[in-house]
Amino acid sequence: IVVIAILGILIAIAVPRFGATTDAAEKSAAEANHRTLVSVSQLYYANEGTWPTEISDLVGKELITESDFPTGEEDDPKYSITEESDITITVTFDGETRTWTPSAGFTESEDW
């Protein structure tokens with residue numbers, strides 16, 4: 001019975017830590033994919049002379065696959081490319097947003 005109690009305590013300690021590690025890994029993957037999206041967009045700009053206006057521009061040139069960079073409202077992380085006065089490449093993960101523009105580089109929310 002003592003061994004079972006000790007195992008129970010160890011499991012109670014390990015499970016929350018494993019969950020936190022998984023969240024941190026998913027966040028790191030979202031950040032790495034964001035950097036990849038920025039790099040591919042810069043490659044697109046170098047080849048085409050214009051910035052991509054949406055992710056499908058990069059998919060159409062076979063620079064990325066759409067499944068690696070989901071854009072739907074329910075997707076997490078969610079990636080987007082917008083063009084107003086300047087191109088903005090954004091990733092939103094777990095309610096936090098990180099953006100990149102050619103003029104400002106990477107910016108992030110305080111919690112990222």
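This is a predicted model: local features need pLDDT of at least 70, side-chain atom pairs count only at pLDDT 80 or more; totals for chains, interfaces and linings use all residues.
Residues are numbered from 1 along each chain as its sequence is written, and side-chain values use heavy atoms, with hydrogens and water left out.

Let's start with the charged side chains. A salt bridge here is a side-chain nitrogen of Lys or Arg within 4 Å of a carboxyl oxygen of Asp or Glu, and by that rule there are four of them. One joins Glu 96 to Lys 27, at 3.1 Å from N to O. Glu 96 sits in strand E3 (residues 96–101) and Lys 27 in helix H1 (residues 2–48), so this bridge ties together parts that are 69 residues apart in sequence. Those labels come from DSSP runs, numbered from the N terminus: helices are H or I runs of at least four residues, and strands are E runs of at least two. How accessible are the two partners? Buried means under 20% relative accessible area, exposed means over 50%, and partly exposed is in between (1.4 Å probe, protein chains only). Glu 96, at 16%, is buried, while Lys 27 is partly exposed at 22%.

Staying on helix H1, look at Arg 35 and Glu 31. Their salt bridge has its closest N and O atoms 4.0 Å apart. The two residues are four apart in H1, so about one helical turn separates them. Both ends are partly exposed: Arg 35 has 39% relative accessibility, and Glu 31 has 24%.

Another bridge pairs Glu 48 with Lys 61, at 3.3 Å from N to O. This one links distant parts of the chain, with Glu 48 in H1 and Lys 61, 13 residues away, in the loop between helix H2 (55–60) and strand E1 (78–83). Glu 48 is partly exposed at 39%, and so is Lys 61 at 44%.

Now for the greasy part. A nonpolar core is a set of buried Ala, Val, Leu, Ile, Met, Phe, Trp, Tyr and Cys residues joined through side-chain atoms within 4.5 Å. Which residues touch the most other members of the largest core? Of its 17 residues, they are Leu 37, Ile 55, Leu 58, Ile 64, Tyr 79 and Ile 89. H1, H2, E1 and E2 each give two or more residues to this core, and H1 supplies the largest share, with five.

Contact means heavy atoms within 4.5 Å; setting aside neighbours within four places in sequence, Leu 58 is in contact with Leu 37, Val 40, Ser 41, Tyr 44, Pro 52, Leu 63, Ile 64 and Ile 81.

Finally, check the backbone in two loops. Glu 62 has a phi near 60 degrees, a positive value in a residue other than glycine. Glu 62 lies in the loop between H2 and E1 and is exposed, at 71%. Asp 94 also has a positive phi, near 55 degrees, and again the residue isn't glycine. Asp 94 belongs to the loop between strand E2 (87–93) and E3, and with a relative accessible area of 55% Asp 94 is exposed too.
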